[in-house]
There are 2 protein chains.
Amino acid sequence: MSPIITAFEHSPDRGRGLARDMRVRWALEEVGQPYDVRLLSFQAMKEPAHLARHPFGQIPTYEEGELVLFESGAIVLHLAERSEGLLPCDAHARARAITWMFAALNTIEPPIMELSLARILERHETWYEQRLPLLEERVRKRLGELGRSLGDAEWLNGTFSAGDLLMVSVLLRLKPSGLLDQYPQLGAYVARGEARPAYQRAFAAQWAVFEAGSTPE
Amino acid sequence: MSPIITAFEHSPDRGRGLARDMRVRWALEEVGQPYDVRLLSFQAMKEPAHLARHPFGQIPTYEEGELVLFESGAIVLHLAERSEGLLPCDAHARARAITWMFAALNTIEPPIMELSLARILERHETWYEQRLPLLEERVRKRLGELGRSLGDAEWLNGTFSAGDLLMVSVLLRLKPSGLLDQYPQLGAYVARGEARPAYQRAFAAQWAVFEAGSTPE
């Protein structure tokens with residue numbers, strides 16, 4: 001039986017591939033693991049059946065028989081550990097790749113999400129315009145450091161890994177802001193991620209859900 | 001040879017155990033691994049020698065021979081994987097414990113850090129008082145969900161794991177805010193973490209660094 005993931009029935013990102021199920025879909029495609037999807041309405045996400053799977057009432061979750069996981073980072077790591085293609089075999093290189101997974105989620109994503117949340121939730125507040133440079137500066141600081149660390153390399157840690165998968169996923173949220181354009185190395189890095197056939201298949205799958213949901217009846 | 005971690009020479013938290021080296025010290029103590037510490041000034045953290053270890057110029061790092069890691073979550077996972085006591089042996093329970101590690105760092109820590117950062121960096125801004133309820137509400141939402149998920153259990157996932165170590169570490173930052181007092185189950189959970197002998201040893205070690213640094217000359 002294929003594992004089952006959950007995703008938004010109507011993704012608030014309108015099919016742009018920014019919802020966190022995209023990371024799990026991409027990882028599943030990279031390791032060649034077929035999967036099923038359970039689509040959830042916003043209401044269903046807050047109901048006991050889903051809260052039993054995900055204590056914070058979010059997507060994605062991952063079900064594989066008796067095993068139920070949440071947190072996209074944990075799901076990607078689980079897939080990477082039991083398949084080939086997302087973590088190097090060498091123990092040191094593997095530990096470094098996992099370091100980049102945590103860097104994506106705990107160092108790079110928080111300031112990017114704050115900027116994104118402010119744009120959505122605080123756009124009409126009196127302080128929005130004044131705070132924006134502060135939020136952007138926090139993101140820029142990290143992008144500068146990340147760009148220097150990547151340098152001219154193709155991926156963060158030699159070959160493509162789950163660290164790149166999460167880092168590219170996190171950086172993609174910046175595309176509409178134009179912030180990424182100021183770091184050509186990072187822009188090219190994100191483009192390399194998007195060009196991977198596994199990414200393309202995952203993107204098409206989540207886009208198909210959005211399109212199906214937005215078809216006039 | 002013992003592994004070497006880096007920590008603040010003068011921790012901005014004044015020895016309260018909130019700097020991220022504390023998580024790594026705690027994990028090292030849980031698994032009974034002796035370690036050495038390299039203390040860094042704020043200036044040394046921005047110099048090439050340290051940036052080669054940590055692309056974002058932060059602490060902690062972890063050196064074990066040729067292997068150099070950064071990101072406290074990745075270091076704790078590395079220690080948990082090669083020792084006993086921080087991850088269950090059963091494969092499903094292990095994957096669940098790792099899920100809680102990611103939940104601590106990617107779901108619970110970001111709103112807590114935002115509240116903490118606003119208190120430090122935006123306290124004198126005109127919008128600070130107006131924004132505070134919004135920041136506190138984001139934290140409260142997660143605490144409510146986490147408290148319900150923990151229920152009357154001692155730890156998040158059966159026995160104590162690296163998931164609890166990171167979750168308790170993240171929640172500790174809330175102690176001065178009083179927010180934790182509104183969730184007695186979580187308060188008791190954090191107290192159970194602090195009561196562990198390994199936590200106590202780690203706390204004493206980082207406190208000794210602070211005390212040594214603040215001795216009048």
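In the predicted model, strand 1 of chain A, residues 4-8, runs parallel to strand 2 of chain A, and five bridges join the two. Within this pair, A:Thr6 of the chain stands opposite A:Arg38, a residue of strand 2. Strands of a sheet pair through backbone hydrogen bonds, and the pairing may be either parallel or antiparallel. In chain A, four strands form an open sheet, with the order 2-1-3-4 and with mixed pairing. The edges of the sheet are strand 2 (36-40) and strand 4 (67-70) of chain A, each of which pairs on one side only. From one strand to the next, the twist averages 25°.

Helix packing was examined in chain B. Two packed helices are described by the angle between their axes and the distance between the axes. For helix 1 (residues 21-30) and helix 7 (residues 162-172) of chain B, the axes come within 10 Å and cross at roughly 145°. The crossing of helix 1 of chain B and helix 7 of chain B is right-handed. On the side of helix 1 of chain B, the contact is made by B:Met22, B:Arg23, B:Trp26, B:Ala27 and B:Glu30. These residues meet B:Ala162, B:Leu165, B:Leu166 and B:Ser169 of helix 7 of chain B. By residue class, the contact of helix 1 with helix 7 of chain B divides into six nonpolar, one polar and two charged residues.

The two chains also touch each other: 29 residues of chain B are in contact with 29 residues of chain A. On the side of chain B, the elements that give two or more residues are strand 4 (67-70), helix 4 (72-82), helix 5 (91-121) and helix 6 (128-150). Helix 5 of chain B supplies the largest share of this side, 12 residues. The residues of chain B that touch chain A comprise 16 nonpolar, seven polar and six charged.

The arrangement of the copies was then considered. Two copies of a chain are related by a rotation about an axis and a shift along it. The same surface serves both copies, since 100% of the contact residues of chain B recur in chain A.

How values were computed:
Residues are numbered from 1 along each chain as its sequence is written. Chains are lettered from A and ligands numbered from 1 in the order in which they are written. This is a predicted model: local features need pLDDT of at least 70, side-chain atom pairs count only at pLDDT 80 or more; totals for chains, interfaces and linings use all residues. Two strands pair if DSSP finds at least two bridges between them. Axes are lines fitted to C-alpha atoms, for helices over the stretch in contact, and angles run from 0 to 180 degrees between N-to-C directions. A crossing is left-handed if the near helix is turned anticlockwise from the far one by less than a right angle, and right-handed if clockwise. Two residues are in contact if their C-beta atoms, placed from the backbone, lie within 7 Å. Ala, Val, Leu, Ile, Met, Phe, Trp, Tyr, Cys and Pro count as nonpolar, Asp, Glu, Lys and Arg as charged, and the others, Gly among them, as polar.
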